[in-house]
Amino acid sequence: MIEAIGLSKRYGATLAVDDLSFTVPPGRVTGFLGPNGSGKSTTMRMILGLDAPTSGSVTVNGRPYAEYRRPLFEVGALLEAKAMHGGRSAYNHLLSLGLSNGIGRARVEQVLDQVGLRGAGRKRTGGFSLGMGQRLGIAAALLGDPRVLLFDEPVNGLDPEGVLWVRNLLKSLAAEGRTVLVSSHLMGEMSITADRLIIIGRGRMIAETTVEDFLACGSGNSVRVRSAQADALAALLTTQGIAVVRRADGALTIAGTTSEAVGQIARANGIALQELSAHQPSLEERFMELTRGSVDYHAADGAIAPASE
Amino acid sequence: MEASTTPQTSYSRLSGFADLLRSEFCKFRSVRSTYWTLFAAVAFNVVLAALAAIFLPGQLSAHEKATVDPVRLSLGGIHLSQIAFGVLGVLVITSEYTTGMIRATLSAVPQRRLMLAAKVVVFAVSALIVGVLSSVGAYFVFQAFLTDSALKTSITDPGVLRAVIGGGLFVTALGLLGLGLGAIMRASAGAIATVFGLLFVPPVLLQLLPHAWKDAIGPYIPMVAGGQIYALHPEAGALGPWTGFGLFCLYAAVALGVGFVLINRRDA
């Protein structure tokens, strides 16, 4: 269980994290979503006591991280890939971290096996690919068999097999009753992996919800209809105060109603339908909708339009 | 949450620090730069002692032979090996910051000052062993290659053992000064430049000052104060061997002290 209360972090004039309060419960994979620069990594560093909050507090299993004497048994973290000395072997990297918490060679061999780096354990990490670095970082997180796990962008740089492996690992860790917090900017990945979502933008909380609720509550839900009598149907719907948009392909997009309601109206008026489908926005679309105002850097729409007309 | 059955409860302060020492020693021994710098340090000391013993006596006048410090001559390699020890002291801490390893380290050991203390102990003990051995080695190699009896000394002569051991003490304290500056600056290049700036620049600047100032300030600059510990005869006007070395250690202690204060105050 991770609990943050009013967590804020200011760097000079920038408020990187702004009054975040959230709970990460055990037994679930909680996705931590936000555009780049939204404060995900800063928040994770504050959870681990690496950065001190400007105000607010965060506890892991009821205690501030800094109070743990052997934190690897309580919390495992993958922060950035390759936060390691390139001249040291993977084995010695893990051993030096493990020894500080009284964890020995046998366990180091185990986690190297578990992440599929057995053969590369004696190689120096400077020659590792990003994916191998991620696996080594995950091995470090697993060293103390902790009840709480934090992963910052764990699938970055992994090949498809690695992505699948991380996905299954996260789910199995949560299924064992552990607390799992995973940050990502990849919505699709989170919709598959995570049960719960914490969504932030510009350091502020946008939503703390489940994946299903997040998709259902969007304003983008609409119904798509195609019919030979599209004009008549559009007129009918408009008189009932329902917004209708006519698409270039002749289809109608109807917002603010359900496919059942549209079907009823069509039937009652003897209008034959060729297509009737409910359209639910993807996680990406919902995310874009929610964070539109909170993205620091985005390409301007139509930026390549002619300078003068 | 169920009651804590983790090793949290079996933790004792002393065994905890022993774990940190093991962890830091593992880091120290598992990178090549450690071996390269220590090898270079030993090689400089021993090889320069042999060269000095073979070639210098023929170049010195009888008067020079009578006035030169024969022990200091045998430890001439320290002028080079000190660079290796200084650099290694800096790298022990700055390599954590330049590689990003520090975040993994401090996630495993949130008690930052204990982690830094373990680093200091591991480096100090290792540097002391290698420093003293290479200094003693240099002394005996010098005596072995020496054919000129005017420069011969015995390890049992007054002050000789202190000076020879002092060579190891000096490079250890210099390395600790580097470690302290590394902890403050968290960047290799800046910290290395500062260590050797503090060591080599004051003697040059001193030459620009009037005599009275030179005499007043000269004995206290790091290189002069620290250098007396590995001289058989202290230079005229210089502090005594232990007083001078004590002051040199104080400089290192100040740098380390600031490092210890800052490590808890800054974001990693």
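The crossing of helices H2(A) and H4(A) is right-handed. The model shown here and in the further views is a predicted one.

**View 1. Packing of helix H2 against helix H4 in chain A.** Helix H2 of chain A spans residues 90–99 and helix H4 of chain A residues 130–142; their axes lie 10 Å apart and form an angle of about 25°. Angles under 35 degrees count as roughly parallel, and H2(A) and H4(A) are therefore roughly parallel to each other. H2(A) contributes Ala90(A), His93(A), Leu94(A) and Leu97(A) to the contact, while H4(A) contributes Leu136(A), Ala139(A) and Ala140(A). Sorted by class, this contact comprises six nonpolar residues, one polar residue and no charged residues.

**View 2. Leu94(A) and Ala139(A) in the largest nonpolar core.** This core has 149 residues, of which Leu94(A) and Ala139(A) touch the most other members. Its largest share, 14 residues, is supplied by helix H8 of chain B, residues 160–185. Leaving aside residues up to four places away in sequence, Leu94(A) touches Val108(A), Val111(A), Leu112(A), Ala139(A), Ala140(A) and Leu143(A). Another core, of nine residues, lies apart from the largest one and includes Val225(A), Leu252(A), Ile254(A) and Ala266(A).

**View 3. The side of chain B that touches chain A.** In this interface, 36 residues of chain A are in contact with 29 residues of chain B. On chain B, helices H1 (13–29), H2 (32–55), H5 (78–99) and H6 (101–108) each provide at least two residues of the touching side. H1(B) gives the largest share, seven residues. The side of chain B that touches chain A consists, by class, of 13 nonpolar, ten polar and six charged residues.

Terms used: Residues are numbered from 1 along each chain as its sequence is written. Chains are lettered from A and ligands numbered from 1 in the order in which they are written. This is a predicted model: local features need pLDDT of at least 70, side-chain atom pairs count only at pLDDT 80 or more; totals for chains, interfaces and linings use all residues. Two residues are in contact if their C-beta atoms, placed from the backbone, lie within 7 Å. Helices (H or I, at least four residues) and strands (E, at least two) are DSSP runs, numbered from the N terminus. Ala, Val, Leu, Ile, Met, Phe, Trp, Tyr, Cys and Pro count as nonpolar, Asp, Glu, Lys and Arg as charged, and the others, Gly among them, as polar. Axes are lines fitted to C-alpha atoms, for helices over the stretch in contact, and angles run from 0 to 180 degrees between N-to-C directions. Angles under 35 degrees count as roughly parallel, over 145 as roughly antiparallel, 65 to 115 as roughly perpendicular and the rest as oblique. A crossing is left-handed if the near helix is turned anticlockwise from the far one by less than a right angle, and right-handed if clockwise. A nonpolar core is a set of buried Ala, Val, Leu, Ile, Met, Phe, Trp, Tyr and Cys residues joined through C-beta atoms within 7 Å. A residue is buried if 20 or more other C-beta atoms lie within 10 Å of its own, exposed if 12 or fewer, and partly exposed in between; C-beta atoms are placed from the backbone.
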